[in-house]
Amino acid sequence: MATTHSADVVVGGGGIGGLTAALSLHAAGIEPLVLESAREIRPLGVGINLQPAAVRELDELGLLDELAELGVPAVEHVFADSRGRTLFGEARGTAAGYNWPQFSVHRGELQLMLLDAVVERLGPGAVRTGVRAVDFEETGDGVRVHAADRSTGDSLDFSAGALVAADGIHSTLRSLLHPDQGPLRWNGVTMWRGVTETESFAPGNSVVIAADDKNTQFVAYQISGTALERGRTLVNWVCLVPTGEPGALGTGVNWNAPGTIEDLLPHYADWHFDWTDLPELFARSEQILEYPMVDRDPLPFWGRGRVTLLGDAAHPGYPSGANGGTQAIIDARVLAYHLAAGPDVVGALAAYEAERRAATSAIVLANREMDRVGRNRSAAPGGPSGESIEKVTEAYRRAAGEAEKLNTRASLTPPGAVRV
């Protein structure tokens, strides 16, 4: 099959990280091509939190106003027990001294916002949907990407100076680079997630994180600025329930299987909040998504030569620190910076990995500790107090980046890049 030059960089995956990479590369004068396996990018999924570090990067890409219209600024994380009693509160975003907010937003709407920006700035041909990258081979001066057209079954080849695997937690490209990685690591917790429109959300712009003495956890927060404008609120909720022994995730897990309210109610029968009726909140969700809570041990290296990893393909972690999307966005910005500033592609990708691998590995491990402490709390007298929660959140903040460090560090927009 004849292959001609397709782009400077092929990005395998059109999620949050892949689309941010396309925007960042374009701004740096580097031509990207995104290959997305989904035949159509639609506003699917549930809520996501973007930390100030990610909001800063989207601001530098000229997207802050659009993000502010979509999302809700989170001003506090409230840790509570199953009766809704506050154990500890932690200021977030600008309330914690950052120059940028933390935004809670619908993941699918965020993805469409990024896609619209890519199409507007790069043209519709910059994203090829229904095309899945399945293999690659390095050539003397580039990389050839082998892909499959999901509609026709045809094989396609693309050539570029570099390949960035941003194809998520089930990354095909990562498995080629790390064939002995083994199965995903399950912490024994099943997550059920949903989005419910209600009249109000009493905690306001707070993210509520509650747990009981059985290590069952519940998280809830608002995710839609547009809903608030019309006098309603869209609440993202997550139930985290220990359902098995931690270990390697078995085969045959259906990641798209819908959950049911009958699955949830027995675990929350003794929970009582004065600001919401949990059974009603669950029942009014349009859909309930169920999947295991998993991560992987940090890798000793990400890529090789002209091929590298980005986002969940590089460093899948527990959602405990609400940091997955944030780290993918930062990956994308650092990647574009080094490709624009580096003397050669191979050296630039090595510099990108050197900067990001240690930082994201620390966050993966901090997520595990946050999960352990966050769920292992007792409402009984004499149980762990808010003091232990405060200790682990402080450690997490150091790993993820404190306000002064973010506010004062140099821009990740490379010299000569187009500022939107």
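This is a short tour of a predicted model, with a few stops to select in your viewer.

**Stop 1: Y98**

Select Y98. It sits in the loop between β6 (86-91) and β7 (102-106). Is Y98 buried or exposed? Its relative accessible area is 13%. Buried means under 20%, so Y98 counts as buried.

Now show what surrounds Y98. Leave out the neighbours within four places in sequence. Y98 is then in contact with P52, G93, R397, G401, E402, A403, L406 and N407.

**Stop 2: helix α9**

Select residues 324-341. This is helix α9, with 18 residues. From first C-alpha to last it reaches 26 Å, close to the 26 Å expected at 1.5 Å a residue. How many of its 18 residues are buried? The count is 14, so α9 is mostly covered.

**Stop 3: the aromatic rings**

The structure holds 11 aromatic pairs. Select F218 and F273 to see one of them. This pair is tilted, with 5.9 Å centre to centre and 55° between the planes. F218 lies in strand β15 (residues 217-222), and F273 in the loop between α7 (261-264) and α8 (278-283). The pair therefore ties together parts 55 residues apart in sequence. Both F218 and F273 are buried.

F282 counts as buried, at 1% relative accessibility.

Finally, select F201, F218, W237, Y268, W271, F273, W275 and F282. Together they form one aromatic cluster.

Notes:
Residues numbered from 1 in each chain as written. Predicted model: local features only at pLDDT ≥ 70, side-chain atom pairs only at ≥ 80, totals over all residues. Heavy atoms only, no water. Helix = DSSP H or I, 4+ residues; strand = E, 2+ residues; numbered from the N terminus. Buried < 20%, exposed > 50% of the residue type's maximum accessible area, 1.4 Å probe, protein only. Contact = heavy atoms within 4.5 Å. Expected span 1.5 Å × (residues − 1). Phe/Tyr/Trp six-rings, centres within 6.5 Å; stacked < 30°, edge-to-face > 60°.
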